[in-house]
Structure formats: structure tokens, C-alpha cells
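Here are my notes on this model, as numbered points. Please read them beside the coordinates.

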Amino acid sequence: IALIDKILMAKFLEMFGDPATNPKGWEVRRLGEVVEPIETINPNRYPDNEFLYVEIEGISDFQIKKWKKITGKFAPSRARRRIKFKDIIFGTTRPYLKNIALVPKELDNQLCSTGFCVLRAKRNEVLPEYLFYLVKHDWFVNEVSSKMQGLAYPAVSDSEVFNTGIPLPPIELQKQFAQIVEEFEKKRREMQRTLEILESLFKLLQKKAFTGELTAEWREQNNVEWEIP
């Protein structure tokens, strides 16, 4: 499972070249030109609504691992960003610059912290899969971090992120890469389900071992007396 991201990044570099040097000579565009504007909302305007909310600490290994439920009437008054399926959320404060994730289906139309810059691809120009692997590349992270301001709370503004120039390959080539990503993500989901089943079986085995159930037949055959301490 851990190797999948490395394999896909290697495939990204093979197909598109290193974005730092753009060896294939792709057109360079401002990131802000190829993403949609994002709605910022105040949850207090929706007092009866319940949202799934992603904080900046909820990202690990480029995936959203933790989120919580909030309701408008209990949420803090500060604004939130509304996110949709396959948006890219990119941490803009130190030390969370590598907190980058692609929004999964279960978080479609939910909320995230304003500590993220939300990138919603204009699908006719750039695909989310290409954009995701571009912004998680060290080159992009370093470009953004060089624009940070502030001593007590170093951060980079959304406008600085949007002003970053990115190489933009032909959309057909991006589609080929997106298909490869989908195939690997399907494998990742299958392996993750298998891992969860194995963990459940191991816990069951542990329980049987600790309660003596695992060796009950053997003890009976060998006349071994045993009881839970």
C-alpha cells in the first residue's frame, strides 16, 4: 500500500517530466487560471445542518484520515471552506505544508478548515489527478513555502498559491494518467479492505488465545488442566 504513491509519482515524472525544469516544454499557466473559485461559508448561517469537517491535522500520508461532525449552531463563528469530491486541499501554514489530500466521495459537499487552500480543477483544462500529483511534488511545496510570511504564525495566502506557475500538459495525456491513477487506487482499496479483514481475524485469534478457546481441544486431548488467571 505504501509503495502505490511512490509508483504513481514515478509514473507522473515519466509521463510529464520534472515540473521544476519542465523538460518536455509544456505551456506554463498560473494555477489560478485553471481552478474554480471556492465558496467560503459561515456554518452559523446553517444552524440545523450537520457537516463533516476536516481539520488540518486530519491529513496523513496524503489522505484524509480524520474528520469530525459539527453542526452550524455549535460551530465557531469563523468561516469554513466547502469542499467537493476530488477537490485538492493544500495546507498553507507551517508545519502543515505537506498536508495535501484529494477529497473522497464521503466528504463531498462538506467543510474544511481555512488552513487549507482548496483547488477545484476546471476539468476542461486540468484534471484533479494530475493536479494532485503536481502539488504534492517537492518542487511545488518549496515554491509555496518560499512565499510564506509571518513570524509567529508563518503562512502563505491563497493568492500566492494561485499565482504559482505550473506546467500544463495536453488534456488527453492527463486523461491517460488519470486512468492509471484510478487503476492503482482500486488496488489500494482492495488491499486496504484485505488488511482490515486480516486485522479483525488477528484480534479474534488473540481473544481466543487469551480466553483459552484456541487451545481447548488440544488441552482436552492431552488432559491439560488450565483456567484463566
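1. Terms and basis. Helices (H or I, at least four residues) and strands (E, at least two) are DSSP runs, numbered from the N terminus. This is a predicted model: local features need pLDDT of at least 70, side-chain atom pairs count only at pLDDT 80 or more, and totals for chains, interfaces and linings use all residues. Residues are numbered from 1 along each chain as its sequence is written, and side-chain values use heavy atoms, with hydrogens and water left out.

2. Overall form. The protein has six helices and 13 strands. Its radius of gyration is 23 Å, well over the 17 Å that the globule rule gives for 229 residues, so the protein is more spread out than a compact globule. That radius is taken over C-alpha atoms, and the rule is 2.2 Å times the number of residues to the power 0.38. Along the principal axes, the C-alpha atoms fill a box of roughly 80 × 50 × 35 Å.

3. Of the 229 residues, 41% are buried. Buried means under 20% relative accessible area, exposed over 50%, and partly exposed in between (1.4 Å probe, protein chains only). Take contacts (heavy atoms within 4.5 Å). Among those between residues at least 6 apart in sequence, 76% join residues at least 24 apart.

4. Strand S9. This strand covers residues 88-91. Ile 88 and Phe 90 point one way, Ile 89 and Gly 91 the other, and all are buried. Two strands pair if DSSP finds at least two bridges between them. S9 runs antiparallel to S10 (residues 100-102), joined by three bridges. Here Ile 88 stands opposite Leu 102. S9 also pairs with S12 (residues 116-121), again in the antiparallel sense, over four bridges. There, Ile 89 stands opposite Val 118.

5. The cis bond. Which residues does a cis peptide bond join? They are Arg 94 and Pro 95, with omega about 10°. Pro 95 is in the loop between S9 and S10. Most peptide bonds are trans.

6. Positive phi. Most residues other than glycine have a negative phi. Asn 22 has a phi near 50°, a positive value. This residue sits in the loop between helix H1 (2-16) and strand S1 (27-30). Asn 22 is buried, at 17% relative accessible area. Lys 86 also has a positive phi, of about 75°. Its loop lies between strand S8 (80-83) and S9. Lys 86 counts as partly exposed, at 21% relative accessibility.
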